[in-house]
Amino acid sequence: MINNWLRENKIAAALLTVIRVYWGYLWITAGWGKITGGFDSKGFLANAAANPVMGPDGAPVFGWYNSFLQSFALPNADLFNFMIPWGEFLVGLGLILGCLTTAAAFFGILMNFSFLLTGTVSHNPTDILMGVFILAAGYNAGRFGLDYYVMPFIRKQLNKGKEEESGANVNRV
């Protein structure tokens, strides 16, 4: 029932637009600040790798993530110095404009979880909650945005090959 309301109701679409634009503003300002202010992830990554979240038994809770930080993220910090600010900016832009909204929400949630896995709580849980509502709503979250125009175009392009293929099969018979 709630899922149908989120996915189909115009009032839900309006409320989701407010949440989407607010969350987008948080992302776009964070990204823009990093793009224009000079951003270096090396210190954060090194600290997160050196101080993993520890469980009551003294072992890292997210050992796999700590291994990822040590073996991939730290050696490729320059890649993350590019991906993080531009990822934040593009997620914010997508959410504000309502363009590819569910993709933007997915990548926003992914970044929030990345911070949570390092032990940085901050506002990440509330951001994830906003993102979950946007993801659950699907197309309706971007109804009052560019998704209204973009999604039918994408569907048409994706189905174009299927229509041509089915037409070719009819001609063969």
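**Entry 1**

I began with S122, which is exposed at a relative accessible area of 58%. My cut-offs for accessibility: buried is under 20% relative accessible area, exposed is over 50%, and partly exposed is in between, with a 1.4 Å probe and protein chains only. I was working on a predicted model, where local features need pLDDT of at least 70, side-chain atom pairs count only at pLDDT 80 or more, and totals for chains, interfaces and linings use all residues. Residues are numbered from 1 along each chain as its sequence is written, and side-chain values use heavy atoms, with hydrogens and water left out.

What made me stop at S122 was its phi, positive at about 45° although the residue is not a glycine. I found S122 in the loop between α6 and α7 (124–137). Helices here are DSSP runs (H or I, at least four residues), as strands are (E, at least two), numbered from the N terminus.

L100 sits in the loop between α5 and α6 and is partly exposed, with a relative accessible area of 40%. A note to myself: most residues other than glycine have a negative phi.

**Entry 2: salt bridges**

How many salt bridges does the count come to? I got 2, taking a salt bridge as a side-chain nitrogen of Lys or Arg within 4 Å of a carboxyl oxygen of Asp or Glu.

I looked at E88 and K34, whose side chains meet at 3.0 Å, N to O. This pair links distant parts of the chain, with E88 in helix α5 (residues 77–97) and K34 in helix α2 (residues 10–37), 54 residues apart. Is E88 buried or exposed? E88 counts as buried because its relative accessibility is 2%, whereas K34 is partly exposed at 21%.

I then turned to K42 and D78, with their closest N and O atoms 3.6 Å apart. K42 lies in helix α3 and D78 in helix α5, so this bridge ties together parts 36 residues apart in sequence. K42 is partly exposed at 39%, and D78 counts as exposed at 55%.

**Entry 3: aromatic rings**

My search of the whole structure gave 11 aromatic pairs. Rings of Phe, Tyr and Trp (its six-membered ring) pair if their centres lie within 6.5 Å; planes under 30 degrees apart are stacked, over 60 edge-to-face, and the rest tilted.

I noted F44 and F115 as an edge-to-face pair, 5.7 Å centre to centre with 65° between the planes. F44 belongs to helix α3 (residues 42–50) and F115 to helix α6 (residues 101–117), so I logged a link between distant parts of the chain, 71 residues apart. F44 is partly exposed at 35%, and F115 is partly exposed at 23%.

Y65 and F68 make a tilted pair, 5.6 Å centre to centre and 35° between the planes. Both lie in helix α4 (residues 63–73), 3 residues apart, about one turn of the helix. Y65 is buried at 9%, while F68 is partly exposed at 30%. I also traced ring pairs that link W64, Y65, F68, F72 and F80 into a cluster.

**Entry 4: a charge over a ring**

Which ring does the charged end of R155 sit over? I found the ring of Y139, with the charged end 5.7 Å from its centre. My rule asks for NZ of Lys or CZ of Arg within 6 Å of the ring centre and within 35 degrees of the ring normal.
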